[in-house]
Amino acid sequence: MPTTSPTDQLPQGPRDSAGPLRRQSKRRLDPDAAGLGRARASAFVAPAMVLIGVFLVFPALWTLYLGVTNWRLTGLAAAEPEFVGLDNYIDALTDDRFLGSLSRTFVFVIGSALAGQMVLGFTIAWLMRSAGKTMRGVVETLVLLAWILPASVIAWLWLVLLDRRDGTLNMILGTEGTAWLLEYPMQSIIAFNIFNGTAFSMLLFSSALASVPPSQLETARMSGARTLAILRDVVFPNIRGHILTVMLLVTLWTFNVFTPFLLTGGGPGQETEIFPVLIYRLALQTGELGRGAAFSLIMIVINLVIALIYLRVLRERRHT
Amino acid sequence: MKIYRKRGMLTAAVLASALVLAACGDDADADDPDNGEAAPDEEEQPDDAAPVTITLAENAIRGGKNTEAAEWIEDSAIPEFENMMADEGVEVQVVFEGSGADDEDYKTTIALDLSTGGGPDVIGGFDGIWVGEFAQADYIQPLEEIHPDSSAWDGWDQIPEAVQENMSFEGQRYGIPGGTDGRVIYYNTELFAEAGLPEDWQPTSWAEILDAARALQQLDGVVPLQLNGGTAMGEATTMQGFLPLLVGTGAHIYDEDAGTWQGASPQMEQVLEFYAAVYGDEELGDPLLQQEAAGRDNSFLMFSEGEIGMLIEGDYLWRSVINPGSDLAPMENRDDVIGWAMIPAMEPGAGVNGQDFVSMSGGGGRVLNPNSDNPEVAWRLMEFLESPDALFERHADDPRITSRMDVNEQLIDDDMISFIAEEVLPITFYRPGLEEYPAVSIALQEATEAVVTGVSPEDAAAQYQSALEGIVGADNITD
């Protein structure tokens, strides 16, 4: 994802940032605005390029290479992996486990990121605008706490909460013996991830809402608009950019999130085997590193596509 | 002390040059002359010629998994070994890398360590069935190649060939075996009495196990039978569940003579039908427990609290899990309450070789890391940990069948362990130490999981068949 944002914006970048020079911009800009000269400019950029190359481009290419081998964690294929061409990719696209995992991942992303974290985050941010200072402090601290605690700690808390035998939830609801993680596995990890990540949406929406001009809100209210109408006609148009940003980040994060594994280990069966969990199980538990690499590359591509779509929408919005 | 240190430096210098020479002479050692071991050295002894540091890994950790082993290593074995070496003038520091992970995760960790050319010098908790795949991956090497003197160890004479085989691959020793084990049906005699079952119980067929389970089902809040199933239990499903049942139908998972694997055969279906009988409509077992991420540990806890009537396990359960001194699921009244019986074949005489009773055995041990900077000292540590004195100390309160005959003669006075040694080992079977086995094992776990979650045995067997074809190829399967 990080590679695309610079490349995608590069063509328009100089024009955007060169605000004061906009009048000249009808003509082609001098590409060497800073007067550094090609050599010195390259020297400045080189360290960043090397870092990107070593930590981003090389691993991606390496993954591409591993994905066309039958490399394994142990056994003969660990010592001498063989080239298998596109077999891993063809396997993936015809494999029920892969396709099942993909659709589960989308359910998970839509449920926990878009419907969950964003809606809940916005709701809290909206309600907290009119809440008292103490109330606001308490709520925000609690939400933030769920965010900043290490995922392993949170996972442990949730295991205790959902435990089948002495779980807190069963005690509260009086549903003794309900194995939440087995009977409602996807719902459980969605709830877990909403709990875990709502803070980010809340924070971003809070600052976004602060940027909505009070005069517009006041005018709307004076003309008798109800909350829904205010949201639709005043708030959302003002914070559309923020919504898209939150959407992009939260979608990508959730798509790549691995922590549900701490709760269910991908089970029961494969019911919570979202994409990162599938790759972990394949590559490290079954030792099929080659297939794992191929699946990872497919995942990178999906990430890129999501990022591209969002960025395109974002740019079109800026242009209008 | 000073003298020792000087001598230590001298020895270290000699050792180091010997290593360099060895590295020149032997390609296998030249892969990675410098691994991660150097870093801890410098940290511990920044301003001195560092003593030799040896790391020892075990899947054991104080206060958790195999706590007795961890305590013994940290409190007595390491100090004693360090003293012994110091007396010889070599200053050695042994660092213990404990772990309390599931066996599969532990294996992954070791494989990753070794694949990068690093890893602990001595790796314990190494299951015998991993030897083949690790050797083929070039992660481990025959002891003789890493440290030629290892063949001269007097301990080898005390370890039976069959047990050495556990840690060997293609006729070469890769490690020192730690011992072997056997599987039985444990049962809670108090629950049996309540259910009107005999306290001295020995079923002679699967049907009798199911009958006992039905009797136990009348008791409130008791799961009659815990038969490991599903992928969450990992190898425990295969080893304690599927395979003991399969050999009870007269079939081996791998036919050594023909070189073929057991496909969706009638025997395979018989085993899956037994799973269906346990986890199907009658619910003689708890299907959810098989799917929980921590299901095996929970089953241990429930058994120790008298909530499970029968449980099929290895002697590990007795020694380490419900041992009154254990940290996992201690049972104060273990010796009074828990009984054990041999696992019957499906019907009398139906087992492999026409046996009435069957079991499965395995065993692990310790291997020497080929990347070690100090194979000589690391080997000394392995030798020391498997010396009679060390084993007596380790197993004084926690007896097990070690790999050494001289030790077993004196050590085994526990009824349960003697039972395993005398009754179970003669009728037991071993898993094939082949590269494909772990993948086949996962396919078997998936087949049991399918049945536990309600798929019919025939469909589960068919799924298994197609998974197996993907692993070993259709030509290598017997139907």
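Reader: How many salt bridges are counted between chain A and chain B?

Author: In this predicted model, the count between the two chains is three salt bridges. One of them joins the side chains of A:R164 and B:D286.

Reader: Why is the meeting of B:D286 and A:R164 called a salt bridge?

Author: The term asks for a side-chain nitrogen of Lys or Arg within 4 Å of a carboxyl oxygen of Asp or Glu. For A:R164 and B:D286 the N to O distance is 2.4 Å. The pair therefore meets the cut-off of 4 Å. Over all chains, a search of the whole structure finds 26 salt bridges.

Reader: What makes A:E140 and A:R136 a salt bridge, and why are they separated by about one helical turn?

Author: The closest N and O atoms of A:E140 and A:R136 are 3.6 Å apart, and the limit is 4 Å, so this pair qualifies too. As for their spacing, A:E140 and A:R136 are about one helical turn apart because they lie four residues from each other in helix 7 (residues 133-148) of chain A.

Reader: What area is buried between chain A and chain B, and which residues of chain A lose the most?

Author: The size of an interface is often expressed as the accessible area that is lost when the parts come together. Between chain A and chain B this area is about 1,700 Å², and carbon and sulfur atoms give 54% of it. On the side of chain A, the residues that lose the most are A:L73, A:T74 and A:R165, together 28% of what that side buries.

Reader: How do you know which residues of the two chains are in contact, and how many are there?

Author: The test is whether heavy atoms lie within 4.5 Å. By that test, 19 residues of chain A are in contact with 21 residues of chain B. There are also ten residue pairs in polar contact between the chains, both residues being at pLDDT 80 or more. Helix 4 (76-79), helix 10 (180-183) and helix 16 (275-285) of chain A each give two or more residues to the side that touches chain B. Helix 4 of chain A supplies the largest share, four residues. By class, this side of chain A divides into ten nonpolar, six polar and three charged residues.

Reader: How are helix 6 and helix 16 of chain A placed against each other?

Author: Two packed helices are described by the angle and the distance between their axes. The axes of helix 6 (residues 96-130) and helix 16 of chain A come within 8 Å and cross at roughly 145 degrees. Among the residues that meet are A:F98 and A:L102 in helix 6 of chain A, and A:F275 and A:L278 in helix 16 of chain A. This contact has five nonpolar, two polar and two charged residues.

Reader: What makes strand 8 and strand 12 of chain B edge strands?

Author: The open sheet has four strands in the order 8-11-7-12, with mixed pairing. Strand 8 (223-226) and strand 12 (338-341) of chain B each pair on one side only, and are the edge strands. Neighbouring strands of this sheet are turned by 25 degrees against each other on average, direction ignored.

Conventions
Residues are numbered from 1 along each chain as its sequence is written. Chains are lettered from A and ligands numbered from 1 in the order in which they are written. This is a predicted model: local features need pLDDT of at least 70, side-chain atom pairs count only at pLDDT 80 or more; totals for chains, interfaces and linings use all residues. Side-chain values use heavy atoms; hydrogens and water are left out. Buried area is the accessible area (1.4 Å probe) that two parts lose on being put together, summed over both. A polar contact is a pair of N or O atoms within 3.5 Å; within protein, one must be able to donate a hydrogen and the other to accept it, and residues adjacent in sequence count only if both atoms are side-chain atoms. Ala, Val, Leu, Ile, Met, Phe, Trp, Tyr, Cys and Pro count as nonpolar, Asp, Glu, Lys and Arg as charged, and the others, Gly among them, as polar. Two strands pair if DSSP finds at least two bridges between them. Axes are lines fitted to C-alpha atoms, for helices over the stretch in contact, and angles run from 0 to 180 degrees between N-to-C directions.
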